[in-house]
Amino acid sequence: MNDTVFGKILRGEVSADLVYEDEHAIAFRDISPKAPVHVLVIPRKAIVSLSHAMAEDAELLGHLLRVCAKVADAEGLSEGGYRVVTNIGEEGGQSVFHLHFHVLGGRALQWPPG
Ligand code: AMP
């Protein structure tokens, strides 16, 4: 049982601004956007982080990245560029322990991150 806020979104217990969904993944707008476009892509499967993904999840991980690109395209980011990020663990800045990819764009992004 996944008891994160993303698990609640997946179960329909918390509302979210969905921009994409399929059999394996959903994407919704971040509640506290760090860029004009800030969408989170998450698997329906409860995986804590990229570090917790197993060899059997390889196809799912590829699918999630394809969804990131699809969402970015639908949000009009493909031409100007965008960033896909996944934070892992405490020092990686992860705050919700259900694997998610941030799709950020709509402004010039800085590098390196803080
Ligand atoms: P991270 O810090 O990498 O774990 O990212 C978690 C992200 O989830 C943050 O950017 C939060 O703003 C976002 N977030 C937390 N709760 C919600 C929610 N209920 N709906 C949408 N985004 C959320």
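A residue is called buried when its relative accessible area is under 20%, exposed when that area is over 50%, and partly exposed in between (1.4 Å probe, protein chains only). Keep that handy for this predicted model, where local features need pLDDT of at least 70, side-chain atom pairs count only at pLDDT 80 or more, and totals for chains, interfaces and linings use all residues. Residues are numbered from 1 along each chain as its sequence is written, and side-chain values use heavy atoms, with hydrogens and water left out.

- Helices (H or I, at least four residues) and strands (E, at least two) are DSSP runs, numbered from the N terminus.
- Strand E5 covers residues 101-105, and both of its faces are covered: Phe101, Val103 and Gly105 are buried on one side, His102 and Leu104 on the other.
- With five of its five residues buried, E5 is largely enclosed by the rest of the structure.
- Two strands pair if DSSP finds at least two bridges between them; E3 (residues 37-43) runs antiparallel to E5, joined by five bridges.
- Within that pairing, Val39 has Val103 as its bridge partner in E5.
- E4 also runs antiparallel to E5, with four bridges joining them, and Tyr82 stands opposite Gly105.

- Ser95 sits in the loop between strand E4 (82-85) and strand E5.
- Ser95 counts as exposed, at 61% relative accessibility.
- Ser95 and Ala46 are 49 residues apart along the chain, and their C-alpha atoms are separated by 15 Å.

**Salt bridges**

- A salt bridge here is a side-chain nitrogen of Lys or Arg within 4 Å of a carboxyl oxygen of Asp or Glu, and the structure holds seven of them.
- Asp17 and Arg29 make one, with their closest N and O atoms 3.5 Å apart. That pair links distant parts of the chain, 12 residues apart: Asp17 is in the loop between helix H1 (5-10) and strand E1 (18-21), while Arg29 is in strand E2 (residues 25-29).
- Arg29 also meets Glu75 in a salt bridge (3.0 Å, N to O). Here the partners are 46 residues apart, with Glu75 in the loop between helix H2 (58-74) and E4.
- Together, Asp17, Arg29 and Glu75 are linked in a network of salt bridges. Asp17 is partly exposed at 45%, Arg29 is partly exposed at 33%, and Glu75 is partly exposed at 24%.
- Glu56 pairs with Lys45 in a salt bridge, the closest N and O atoms being 3.6 Å apart. Both lie in the loop between E3 and H2, so the pair ties together parts that are 11 residues apart in sequence.
- Glu56 is exposed at 66%, whereas Lys45 is partly exposed at 38%.
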